[in-house]
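Here is a short note on the model, point by point. Please read it with the structure open.

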Amino acid sequence: MPVDHFINEKISQLMYYLNALLKNEVHPTEINLFIWDCFEEWNVLKVTDDTPNNARERVFWHLMHELKLGSGSLNDLESDWNLKFEIETCMEFLQGQGRYPMHCIGWRPV
């Protein structure tokens with residue numbers, strides 16, 4: 001599977017999960033399971049450092065890492081304004097409605 005196809009497919013799935021999370025329709029553990037599944041599937045692709053990427057992919061990985069690092073806060077997202085703002089900003093960009101998020105790192109997993 002080409003990298004861009006993988007990223008676009010996972011972005012669509014992530015948007016579904018995050019919209020549900022923000023509406024309290026899904027438990028944060030579902031997000032964690034999705035993230036680990038993505039990492040496992042990514043590993044199968046055998047992507048090298050010289051494989052080109054783009055802004056959407058960088059924002060996707062940035063958001064994935066933020067979600068994983070902030071996973072303890074996902075249980076109480078309403079009180080973690082910084083994480084919620086980061087999620088919403090990245091979602092807007094990935095949906096074509098916002099600007100590239102400030103401080104976006106977006107490293108691919110190794």
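1. A salt bridge here is a side-chain nitrogen of Lys or Arg within 4 Å of a carboxyl oxygen of Asp or Glu. The structure holds 2 of them.

2. On sources: this is a predicted model, in which local features need pLDDT of at least 70 and side-chain atom pairs count only at pLDDT 80 or more, while totals for chains, interfaces and linings use all residues. Residues are numbered from 1 along each chain as its sequence is written, and side-chain values use heavy atoms, with hydrogens and water left out.

3. Take Lys 10 and Glu 41. Their side chains form a salt bridge at 2.9 Å, N to O. Lys 10 sits in helix α1 (residues 3-22) and Glu 41 in helix α2 (residues 28-45), so the pair ties together parts 31 residues apart in sequence. Helices are DSSP runs (H or I, at least four residues), numbered from the N terminus.

4. How accessible are the two partners? Lys 10 is buried, with a relative accessible area of 4%. Glu 41 is partly exposed, at 35%. The cut-offs: buried is under 20% relative accessible area, exposed over 50%, and partly exposed in between (1.4 Å probe, protein chains only).

5. Which residues does Lys 10 touch? Leaving aside residues up to four places away in sequence, Lys 10 touches Phe 34, Cys 38, Glu 41 and Phe 60. Contact means heavy atoms within 4.5 Å.

6. Next, Arg 108 and Glu 57. Their side chains meet in a salt bridge at 2.4 Å, N to O. The pair links distant parts of the chain: Arg 108 is in the segment after α5, Glu 57 in helix α3, 51 residues apart. Arg 108 is buried, with a relative accessible area of 16%. Glu 57 also counts as buried, at 3%.

7. Now the helix packing. Helix α3 (residues 55-69) and helix α5 (residues 81-94) pack at about 155°, with axes 10 Å apart. That makes α3 roughly antiparallel to α5 (an angle over 145 degrees). Axes are lines fitted to C-alpha atoms over the stretch in contact, and angles run from 0 to 180 degrees between N-to-C directions.

8. What makes the contact? From α3 come Ala 55, Arg 56, Val 59, Phe 60, His 62, Leu 63, Glu 66 and Leu 67; from α5, Leu 83, Glu 86, Ile 87, Cys 90, Phe 93 and Leu 94. The residues of this contact divide into 10 nonpolar, 1 polar and 3 charged. Ala, Val, Leu, Ile, Met, Phe, Trp, Tyr, Cys and Pro count as nonpolar, Asp, Glu, Lys and Arg as charged, and the others, Gly among them, as polar.

Methods
Helix = DSSP H or I, 4+ residues; strand = E, 2+ residues; numbered from the N terminus. Parallel < 35°, antiparallel > 145°, perpendicular 65-115°, else oblique.
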